[in-house]
Amino acid sequence: MAFMKRRSLLSLTTASAATFALGDAAQASTTSGHRRHGHGARYRKPYVVGHRGASGYRPEHTLEAYRLAARMGADIIEPDLVITKDGVLVVRHEPEISGTTDVAKRPEFASRKTTKSLDGKPVTGWFTEDFTLAELRTLRAVERLPELRQRNTIYDGLWQVPTFEEVLKLRRELERELGRTIGVYPETKHSTYFRAQGKPLEEKLVPLIRTYGLDRPGAPIFIQSFELQNLLDLRTRFKVKAPLVFLTDAKGGPFADPKKRSYAHLTSPAGLREWAHLLDGLGPSVKQVIAWNADNTLGAPTSLVRDAHAVGLQVCPWTVRAENDFLPADLRNGSNPGDFGQVVDYLEKLYATGIDGIFSDMPDIAVLARERYLSRR
């Protein structure tokens with residue numbers, strides 16, 4: 001039954017995706033009528049980002065996860081970028097890879113296990129920058145959340161760690177296959193950390209996006225980072241014209257920020273005005289868009305979407321997952337953390353705030369919820 005339900009969702013969302021397109025910069029309508037920043041890509045509907053691909057159904061950051069996301073109706077696929085010892089951009093959630101590959105079971109790499117300071121915190125494991133691309137290719141991807149996504153473990157060991165260039169090539173292939181625009185939403189992970197090791201991400205990223213015709217206003221790309229300075233450097237030092245998005249969280253602040261500002265300040269009306277003129281979007285936590293109460297039930301929408309739109313920024317929050325473990329307490333079904341909860345209701349509430357897009361591990365469900373929400377407007 002679960003398989004049949006998933007298949008039905010896939011057929012519904014694939015059909016609805018045919019009605020979605022990347023709009024021309026001069027002609028596309030907007031989702032909420034607010035002023036768009038001059039650089040940002042424009043969409044006719046709230047766009048769905050396949051978070052690390054369709055990571056709810058396949059091990060994250062594999063080419064198969066990205067393929068499935070697009071075939072399920074995702075408008076954009078999201079790779080996280082780290083780098084190898086020989087300077088190749090590869091796709092992993094973090095530089096430490098013991099949770100997403102089988103490296104811990106490879107005796108030939110046992111001596112590579114080490115402890116490093118990652119954004120000021122000690123992290124022990126195996127790191128991409130200690131492997132050449134050829135060595136990394138001998139590893140295989142595994143499910144990062146096996147306790148919640150046991151079904152995904154059947155794919156453990158099947159696929160390699162992809163390069164960013166392979167993802168860019170896949171994006172083109174998927175556009176031809178599906179007959180629509182597929183965007184890409186790369187995140188530069190721990191930019192300051194890698195630059196301190198003499199392996200900066202930006203010097204590899206910028207030439208690649210230019211080679212693939214994506215460094216232009218309105219291109220189907222958003223480059224994102226939790227480090228504000230990283231994004232400002234991309235715009236001013238590297239002269240990047242592609243859309244740039246600042247990621248934020250409900251707590252803390254950007255690492256290595258020269259002014260030591262918090263995310264709370266940088267997402268306040270005054271804080272937004274400090275950087276909105278150079279960037280194109282805001283990627284807040286979903287809890288910054290609709291707050292959660294102290295008992296973890298869903299609270300009221302904040303003013304963040306409205307405040308960001310007022311300074312011309314698009315808003316695409318992260319991340320909606322279907323499992324109870326990731327949902328507000330009042331939208332869970334039963335007590336099993338891995339069971340799916342009332343995620344369609346949650347997504348519809350988020351769409352109702354006026355967001356321009358949404359990250360989801362289950363893009364088919366996000367597309368379905370979008371169609372339900374839009375049909376009721």
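Two strands pair if DSSP finds at least two bridges between them; strands (E, at least two residues) and helices (H or I, at least four) are DSSP runs numbered from the N terminus. By this rule S3 and S17 run parallel and are joined by 4 bridges. The structure is a predicted model, in which local features need pLDDT of at least 70, side-chain atom pairs count only at pLDDT 80 or more, and totals for chains, interfaces and linings use all residues. Residues are numbered from 1 along each chain as its sequence is written, and side-chain values use heavy atoms, with hydrogens and water left out.

**Overall composition**
- The chain holds 13 helices and 17 strands.
- Of its 377 residues, 56% count as buried (under 20% relative accessible area, 1.4 Å probe, protein chains only).
- Among contacts (heavy atoms within 4.5 Å) with a separation of 6 or more, 68% are between residues 24 or more positions apart.

**Parallel sheet**
- An open sheet of 4 strands has the order S9-S4-S3-S17, with parallel pairing.
- Strand S9 (183-184) and S17 are at the edges with a single partner strand each, so one side of each has no neighbour in the sheet.
- Tyr-47 has Gly-357 in S17 as its bridge partner.

**Helix H12**
- The buried residues of H12 (343-351) are Val-343, Tyr-346, Leu-347, Glu-348, Leu-350 and Tyr-351.
- These residues pack against several elements, including strand S3 (47-51), strand S17 (357-360) and helix H13 (363-375).

**Nonpolar cores**
- A nonpolar core is a set of buried Ala, Val, Leu, Ile, Met, Phe, Trp, Tyr and Cys residues joined through side-chain atoms within 4.5 Å.
- In the largest core, of 90 residues, Phe-164 and Ile-358 touch the most other members.
- A second, separate core of 9 residues includes Tyr-47, Val-49, Tyr-185 and Phe-222.
- Leaving aside residues up to four places away in sequence, Phe-164 touches residues including Pro-79, Leu-81, Val-184 and Leu-205.

**Aromatic rings**
- The whole structure contains 11 aromatic pairs (rings of Phe, Tyr and Trp, the last by its six-membered ring, with centres within 6.5 Å).
- Tyr-155 and Trp-159 form a stacked pair, 5.6 Å centre to centre with 20° between the planes; stacked requires planes under 30 degrees apart.
- Phe-226, Phe-246, Tyr-263, Trp-275 and Trp-318 are linked by ring pairs into a cluster.
- Lys-287 lies over the face of Trp-292, 4.2 Å from the ring centre (NZ of Lys or CZ of Arg within 6 Å of the centre and within 35 degrees of the ring normal).
- The charged end of Arg-321 sits over the ring of Phe-326, 4.9 Å from its centre.

Conventions. Buried means under 20% relative accessible area, exposed over 50%, partly exposed in between (1.4 Å probe, protein chains only). Rings of Phe, Tyr and Trp (its six-membered ring) pair if their centres lie within 6.5 Å; planes under 30 degrees apart count as stacked, over 60 as edge-to-face and the rest as tilted.
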